[in-house]
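Student: I have not looked at this one before. Can we go through it by question and answer?

Tutor: Gladly. Here it is.

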Amino acid sequence: MAQVLHRVMAATQYGASDMTRKPLLSLVTPAYNEAEGIQAFHARAQAVMESLDGLDYEMIYVDDGSRDDSFKIMSEFAATNPRVKVVKFSRNFGHQIAITAGLDHARGDAIVFIDADLQDPPELIHEMVTKWRDGFDVVYAKRARREGETKFKLWTAAMFYRLLRSLSNIDIPQDVGDFRLISARVANELRAMREKDRFIRGLVSWVGFPQTFVLYDRDERFAGETKYPLKKMLKFAFDGITSFSNTPLKVATWMGYGASALAFLYLASVFVQWAFGITVEGWATMMVAMLFLGGVQLICIGILGEYLGRIFNEIKPRPVYIVQEVASSAETTTPDLD
Ligand code: UDP
Ligand code: MG
């Protein structure tokens, strides 16, 4: 009985209850200065979308303020295929926000997020769709192997996810990026979340619903260089931690206790030395203690500042992103703000 119910729910979930139309699958691709490789990506991805059995498709590209010819090239895709839409940002807003805009513009019964650099193989979408038809709301792609990434990146990524798991209550799976399929109901929940410092893979875990994964080997970038320099990676990591955990604030308190405890221990040792008639040298120990306390205090203020900055960012009533132009052969351009 439960199984039958599960199947019925899965069927309605991908729109099979509506007999007059095929379920729609949206492919969302953020692109930032990807002119070199975007053509190869589009050819491969479009071939996969065309080959999906019993599914209609749309492809949504988000040009995240590219300074190269990315938008021009992607507009040509839209001119030749009415299923393609290109949303152009007014400037670079970042990968996570570009995915958000794609999600806002997607109308699919299921949506797949995929990178433009062919590190995520589009062919995996077949397997993702199968799992979705089995009734899963989220099918994330788990990396079994990663090609062409530096030891530093692999190590920092592993450490980051371990830290995040231990700090937050939600279960963010390891070795998983944003390459994933989500059902319409998960998409609706995500669309309702308008936070600005976004960490999408965390939000998807937070939403819940039945989730599963498919395994794949992550390839090297097809062309161009990573668009994630260390600075963007750090912001991404901070967003992940601060939006899912208050533990750093507690760490600040613990450091305060720790520093006080050390000060008391030292005080005790000074008394003992004094009792034994040992002269206690003043200057050096004073400096060490002052610098230590100063350091601890600055770290704690810094942690507070991270959260305060994010609160400030959230309360500003600005849109999450600004669309400059939408290219599509199916409809005329109407810039619609977030
Ligand atoms: N990207 C983006 N805006 C940015 C940085 C990256 O839209 O500010 C896109 C980029 O074009 C690519 C995806 O996000 O499609 C992932 O970026 P990248 O491959 O550079 O990241 P990595 O795989 O090195 O982590
Ligand atoms: Mg990449």
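Student: Which residues of helix α5 are buried?

Tutor: Keep in mind that this is a predicted model. In α5, residues 125-133, the buried ones are Ile125, Met128, Val129 and Trp132.

Student: What puts these four on the same side of α5?

Tutor: Their arc around the axis is only 100°, so they share one side of the helix. Just after α5 comes Gly135, with a positive phi of about 110°.

Student: Which residues other than glycine have a positive phi?

Tutor: Asn33 and Leu118 are two examples. Phi is about 50° in Asn33 and near 65° in Leu118. Most residues other than glycine have a negative phi. Asn33 sits in the loop between β1 and α2. Leu118 is in the loop between β4 (110-113) and α5.

Student: Why is Leu118 called buried?

Tutor: Count the C-beta atoms. Leu118 has 20 others within 10 Å. The label "buried" needs 20 or more.

Student: Why does Asn33 count as partly exposed?

Tutor: Asn33 has 19 C-beta neighbours inside 10 Å.

Student: What about Glu36: buried, exposed or partly exposed?

Tutor: Glu36 has 17 other C-beta atoms within 10 Å, so it is partly exposed. Glu36 lies in the loop between β1 and α2 (38-50). Leaving out residues up to four places away in sequence, Glu36 touches Ala223 and Gly224. Glu36 and Ser70 are 34 residues apart along the chain, with their C-alpha atoms separated by 8.2 Å.

Student: How do you know that Val28 is buried?

Tutor: Val28 has 27 C-beta neighbours inside 10 Å. The cut-off is 20 or more. Val28 therefore counts as buried.

Student: Where is Val28, and what does it contact?

Tutor: Val28 belongs to strand β1. Neighbours within four places in sequence aside, its contacts include Ile60, Ile99, Leu103, Ile111 and Phe113. From C-alpha to C-alpha, Val28 and Tyr61 are 6.0 Å apart, though 33 residues separate them in sequence.

Student: What makes Val28 stand out in the largest nonpolar core?

Tutor: The number of members it touches. That core has 65 residues, and Leu27, Val28, Met74, Ile111 and Val112 touch the most other members. Take Ile111 next. Beyond four places in sequence, Ile111 touches Ser26, Val28, Leu103, Ala106, Ile182 and Ala187.

Student: What surrounds ligand 1?

Tutor: A shell of 16 residues, with Pro30, Tyr32, Ala116, Thr226 and Lys227 the closest. The elements giving two or more residues to that shell are β1 (24-31) and α4 (95-105).

Student: How do the residues of the shell around ligand 1 divide?

Tutor: Into 6 nonpolar, 5 polar and 5 charged.

Student: Why is Asp197 called partly exposed?

Tutor: Asp197 has 18 other C-beta atoms within 10 Å. Buried needs 20 or more, and exposed needs 12 or fewer. Not counting residues up to four places away in sequence, Asp197 touches Asp239, Ser243, Arg310 and Asn313.

Student: Which residues does UniProt list as "transmembrane region"?

Tutor: An unreviewed UniProt entry lists residues 254-276 and 282-308.

Student: What is the helix content of those two spans in the model?

Tutor: Residues 254-276 are 96% helix and 0% strand, with end C-alpha atoms 33 Å apart. Residues 282-308 are also 96% helix and 0% strand, and their end C-alpha atoms are 38 Å apart.

Student: How many helices and strands does the protein have?

Tutor: The protein has 11 helices and 8 strands. Its C-alpha atoms fill a box of roughly 95 × 55 × 40 Å along the principal axes. Of the 338 residues, 32% are buried.

Methods: Residues numbered from 1 in each chain as written. Chains lettered and ligands numbered in written order. Predicted model: local features only at pLDDT ≥ 70, side-chain atom pairs only at ≥ 80, totals over all residues. Arc of directions from axis to C-beta. Core = buried A, V, L, I, M, F, W, Y, C linked by C-beta atoms within 7 Å. Contact = placed C-beta atoms within 7 Å. Near = placed C-beta within 6 Å. Nonpolar A, V, L, I, M, F, W, Y, C, P; charged D, E, K, R; others polar. UniProt positions renumbered as here; feature names shortened; annotations may be inferred.
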